[in-house]
Amino acid sequence: MGSLKVFKSLVIDSLDIITHGTKKYHLWMAFLTAVMLAGMYCYSIQVEEGLSVTGMTNRVSWGLYISNFTFLVGVAAAAVMLVMPTYVLHDVDFKRAVLIGEGLAVAALLMCLAFVVADMGGPNVLWHMIPGIGVFNFPNSMLTWDVLVLNGYLFINITIPFYILFRHYQNKEALAKVYVPGAILSVFWAVGIHLVTAFLYQGLQARPYWNNALLGPRFLASAFAAGPALIILVLAMIRSHTDFKIEDKTIKKIALVVTVAAQINLIMLVSELFKEFYAPTHHSESAYYLFFGLHGKNALMPWIWTAIPLNILATVVLTFHKLRNNLTILYICCFLLFVAIWIEKGFGLIVPGFIPGPYGKIAEYLPTGIEIGVTLGIWAMGAFVFTILARTAVEIETGKLRYKKK
Amino acid sequence: MSEKKNKWFSLKLSNKKKVPQDTGSCGCGKKSGGCGSHASTEVAKPVDGFDQVMGATMDRRNAFKQLTASLLVGAGAISTSCSVTSDDAAKEKAQIDWEEQFKGNYKLMSDDEKKATVDRLVRSHQIRTQDTLDMSSKTAEEGVLFGYAFNISKCQGYMDCVSACVTENNQDRNSQMEYIRIHEMKDGQGINFGEADDNYYHEVPAEGHFYVGTQCFHCDNPPCVEVCPVQATWKEPDGIVVVDYDWCVGCRYCMAACPYDGRRFNWSKPEVPKEEINKNQHYLGNRLRKKGVMEKCTFCIQRSRDGKNPACVEACPTGARVFGNLLDPNSTIRWVLENKKVFRLKEDLGTEPKFWYYMD
């Protein structure tokens, strides 16, 4: 009863906080709302007309939605790179950043689920997939594994920060024995969500471009580069806009994580390219299409040739301590890396899987305006959710938001 | 050749083994539960679990039914007070739509439930269009395993099979959906799909070319079935890989998993002109589809289960297409497999297609 009262008070207080702020804050939220509304309008058209309003066809049957889904699973998984040092290795430097990381994971997971729903042909019969009510093809279908791990990870990442913030809100210490088991579980779970998502593609013998043992590890490496890179950018933003103190030391430690992951990712990229191009087989055609185009069709070339140089540039720059420790350069590199991996793991991974088709047919894919509208709307939704979560968390952590007993 | 024979035998044996087990758990011995998956006792058990889940679904559905009934009473009270000639048909249609929305997976339905949903669909179509359909829920016969063979030497690329397929199976005319693709290949290049043209518009047979048709191969080990998150697609006991259009959620994972380009998606609402609708339908076959679901070749299940050839076989003017029961030693298909040098596409993937190619 008591905690219910506190919870009610917390909800009221946080509502109060998220509806008040500087002019900049209101503009930001208004902007996100406008983009979300535009996205919803686009989605309403898609629901009405069917997926034919997207660029997808019987030849390339997954596109922008599934690309973003795949990438964002990685962003969500990256929270583990802050959770593990904080809760398991007890590194105090990460302590302040970890709640932000978990908030980012929650927002990323909600975006993942939204992208999957947006991609469905029959969103009104999605209850067929709910275990117990529908028919859940577990363990045969990797998609059911993905449903389980993503929702489980979402649950973990909501409950742990909530518990901690809830205790702090009441001026109490969060009890380690309550949340540390959950934190340890979330470390394994994070690796799980990304491996399972990789297996979703890796397990298809029909698509040689995906049916590749390196896909899972490569997913992890790129996720642990892109995700913390985003966290650094977000922390930089929070640092400059609020009183929340995040020390340089924290950001530099996360930067080290980004650097190592980006280096490993680059090694794997080289290994993949070597395999595809040193002794090209019939199965290398997708990679050929991606990098050089096939039979004059080369829609993805500009994308991949943007991504690869950005990736290499950012990784090389980050490798030098002197450059990495300069925060401005670090932020730029993080941004470049984020964009590069978004291209490479989104578009660059999903679309070439379908090109050439099972009988060698090359049909290209370009997203339509409506598809892009829905995608932007979902990203805005993620940013919106994250802003709300982060603001509440920051207010509690800086001690401004406390439960007042009456 | 003997190796090939072994393969049918293994199919046959597994089929035989499965039947008695299924009669125990599912009553009917042909449909439901384990029919789509592997023939082993371990698999048969969890299927019971699904059946139990379906039991729960029925309860929920009854709850919905009662809820609807009470809603209808309320709505009826209002409408009778307002309009004189009440729209009984509209009411009935609402009831049908409601029950259809919350029905279970066809694969796990009992015979009575299958019949009930077919009746509802026929009635719903009648209310909407004043037209009567003949829709079947006929199950697979015992001792039948369908297979197909394609004679590369005979095919001239006329594409009569393609148009017969479209007409027979009520495919969307707007997007020109076709299950069959005929690939035109150049003499001297061998069977080279990469160089082939599957979208030609010239007179055939073109000089110096030969033709190879592809469609769903109804694999014995179908990857599309494994990946479906909701078991909306499965292999029937007579070997036909089918889709429950009402259970499919439209994720298109099966499409990504198919190595043979055998599946098609309804990107928008499929349209068939009223006068062109084939009214001889099967629930798992050519009944009218809706937007956002998968569909595919079903070996014309509405014809083949009635002992007829699929439309493509019947339409082929050159006799390049052979269809029949692999378990019947006197069938033409068995003769072809035993006497011709047959091969299948992408055998290295382990999908075991039941679609063979041969030459004269």
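Student: What share of the 360 residues in chain B is buried?

Tutor: Buried residues come to 44% of them. Keep in mind that this is a predicted model. Chain B is built with 10 helices and 11 strands.

Student: Why is Glu271(B) called exposed?

Tutor: Count its neighbours. Glu271(B) has 11 other C-beta atoms within 10 Å, and the label "exposed" goes to residues with 12 or fewer. So Glu271(B) counts as exposed.

Student: Where does Glu271(B) sit, and what does it touch?

Tutor: Glu271(B) is in the loop that runs between strand 7 (263–265) and strand 8 (280–282) of chain B. Setting aside neighbours within four places in sequence, Glu271(B) is in contact with Asp172(B), Arg173(B) and Asn174(B). As for Tyr179(B), 92 residues separate it from Glu271(B) in sequence, and the C-alpha to C-alpha separation in space is 16 Å.

Student: What makes strand 2 of chain B largely enclosed?

Tutor: Strand 2 covers residues 146–151, and six of its six residues are buried, so the rest of the structure largely encloses it. Both faces share in this: Phe146(B), Tyr148(B) and Phe150(B) point one way, Gly147(B), Ala149(B) and Asn151(B) point the other way, and all are buried.

Student: Which strands pair with strand 2 of chain B, and in which sense?

Tutor: Strand 10 (residues 321–325) of chain B pairs with strand 2 in the antiparallel sense, over five bridges. Strand 11 (residues 355–358) of chain B pairs with strand 2 in the parallel sense, over four bridges. Two bridges are enough to count as pairing. On the strand 10 side, Ala149(B) has Val322(B) as its bridge partner. On the strand 11 side, Tyr148(B) stands opposite Phe355(B).

Student: Why are strand 10 and strand 11 of chain B said to stand at the edges?

Tutor: Look at the order first: the open sheet of three strands in chain B runs 10-2-11, with mixed pairing. Strand 10 and strand 11 each have a single partner strand, so one side of each has no neighbour in the sheet. From one strand to the next, the twist averages 20°.

Student: What packs on that sheet?

Tutor: Helix 10 (residues 332–339) of chain B does, touching strand 2, strand 10 and strand 11 of chain B. The direction of helix 10 makes about 110° with that of strand 10 of chain B.

Student: Over in chain A, how do helix 6 and helix 7 pack?

Tutor: Helix 6 (residues 142–169) and helix 7 (residues 176–202) of chain A have axes 9 Å apart and pack at an angle of about 150°.

Student: How many residues of chain B are in contact with chain A?

Tutor: 40 residues of chain B are in contact with 33 residues of chain A. Helix 2 (41–82), helix 6 (223–227), helix 7 (253–257) and strand 7 of chain B each supply at least two residues of the side of chain B that touches chain A. Helix 7 of chain B gives the most, with four residues. By class, that side of chain B has 24 nonpolar, nine polar and seven charged residues.

Note on methods. Residues are numbered from 1 along each chain as its sequence is written. Chains are lettered from A and ligands numbered from 1 in the order in which they are written. This is a predicted model: local features need pLDDT of at least 70, side-chain atom pairs count only at pLDDT 80 or more; totals for chains, interfaces and linings use all residues. A residue is buried if 20 or more other C-beta atoms lie within 10 Å of its own, exposed if 12 or fewer, and partly exposed in between; C-beta atoms are placed from the backbone. Two residues are in contact if their C-beta atoms, placed from the backbone, lie within 7 Å. Axes are lines fitted to C-alpha atoms, for helices over the stretch in contact, and angles run from 0 to 180 degrees between N-to-C directions. Ala, Val, Leu, Ile, Met, Phe, Trp, Tyr, Cys and Pro count as nonpolar, Asp, Glu, Lys and Arg as charged, and the others, Gly among them, as polar.
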